[in-house]
Amino acid sequence: MVIAIGFEGSANKLGVGIVRDGEVLVNVRRTYITPPGEGFLPKETAQHHRGKILELLKEALDESKISPAEIDVVCYTKGPGMAPPLLTVAIVARTVAQLWNKPILGVNHCIGHIEMGRFITKAQNPTVLYVSGGNTQVIAYSRNRYRIFGETIDIAVGNCLDRFARIIKLSNDPSPGYNIEQLAKKGKKFLQLPYTVKGMDVSFSGILSFIERHAVPPKKPGKQKPVELWSPEDLCFSLQETLFAMLVETTERAMAHCDSNEVLIVGGVGCNERLQEMMGIMCAERGAKLFATDERFCIDNGLMIAHTGAEMFRSGSRMSWRDATVTQRFRTDDVEVTWRDD
């Protein structure tokens, strides 16, 4: 039996989770929310995490009724992510591991999402669409690695949605992407946006620049050609439809290449019901099955780090204290998957 505690804090979500041999014991989280029109900066996000992490740790231990002595391994997010928040959480993880005299494991954030999705949905060997604020990748497992078949060449899809929410001054509570989703449900007119798929890769920055011109009046009206301004509802609807169509296309191509009949959507944007609906239509046409989770598990959380760390620990993975650092750019395909033998 392996009991693992996981610390997640790569961006504005701070989470602690505890898992015992595939049983979810606790999954608590705090979110750093900024005013409308503002994003979250690394320094302030790290300050939020420093102020909340000890009370969150106490809450997790109290709710799970697990004592430090019972924990077998301490797991934390090694990367990718924002450096100051990552460091804040890693320092706490290192400290408690030393205080409790427990081994420590650094977990790849992206693989944490994948393994959490597989664990909750029971998907066997799916083609994975990983979509979040910092990452956009189409992934499939082969020969003890999660291979990246396609990805964004500039900004992530979640970052595109977040930045557009700031442009139209949407609230960040509970998240910009959620509020865009709600507005999009009221949209009726479709604005033709750039559709940028390059082989298996996608690009979102040009779409963001294009749609901004239809969202806000120019600062110097005489200098630019007049552009029709659209309602926020129609703009959110058009943006979602375009971005998600690009993601469905690249995912389907990866499925065809791998002869796959399963799709798993993970990451914070994976909660979006319209993305799930569009992907579900594609899967139905191919005779494939779609797997997705709700906001408890697709949004960054400590449980995904605990579960993945437990799988790593059970398969024999160990980490020296010298390697218990953080890596802002930690590629999904850099990790040897020792816990799968299929």
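**Notes on the fold**

1. Let's begin with contacts. Among those between residues at least 6 apart in sequence, 77% join residues at least 24 apart. Please keep in mind that this is a predicted model.

2. On secondary structure, the chain contains ten helices and twelve strands. Its radius of gyration is 20 Å, close to the 20 Å that the globule rule gives for 342 residues, so the chain is as compact as a globular protein of that length. The C-alpha trace spans about 65 × 45 × 30 Å along its principal axes.

3. As for burial and surface, 53% of the 342 residues count as buried. The accessible surface of the chain comes to about 15,300 Å², and carbon and sulfur atoms account for 50% of that.

4. Now to the sheet I would look at with you: five strands form an open sheet with mixed pairing, in the order S8-S7-S6-S11-S12. At its edges are S8 (145-151) and S12 (289-291), each pairing on one side only. On average, neighbouring strands of this sheet are turned by 25° against each other, direction ignored.

5. Which strand pairs with S8, and in what sense? The partner is S7 (residues 136-142), and the two run antiparallel over six bridges.

6. Finally, have a look at helix H3 (residues 109-121), which lies across S6 (127-131), S7, S8, S11 (262-266) and S12. H3 runs at about 125° to S11.

Terms used. Residues are numbered from 1 along each chain as its sequence is written. This is a predicted model: local features need pLDDT of at least 70, side-chain atom pairs count only at pLDDT 80 or more; totals for chains, interfaces and linings use all residues. Side-chain values use heavy atoms; hydrogens and water are left out. Two strands pair if DSSP finds at least two bridges between them. Helices (H or I, at least four residues) and strands (E, at least two) are DSSP runs, numbered from the N terminus. Axes are lines fitted to C-alpha atoms, for helices over the stretch in contact, and angles run from 0 to 180 degrees between N-to-C directions. Contact means heavy atoms within 4.5 Å. The radius of gyration is taken over C-alpha atoms; the globule rule is 2.2 Å times the number of residues to the power 0.38. Buried means under 20% relative accessible area, exposed over 50%, partly exposed in between (1.4 Å probe, protein chains only). Accessible areas come from the Shrake-Rupley method with a 1.4 Å probe; for residues, only the protein chains shown count as cover.
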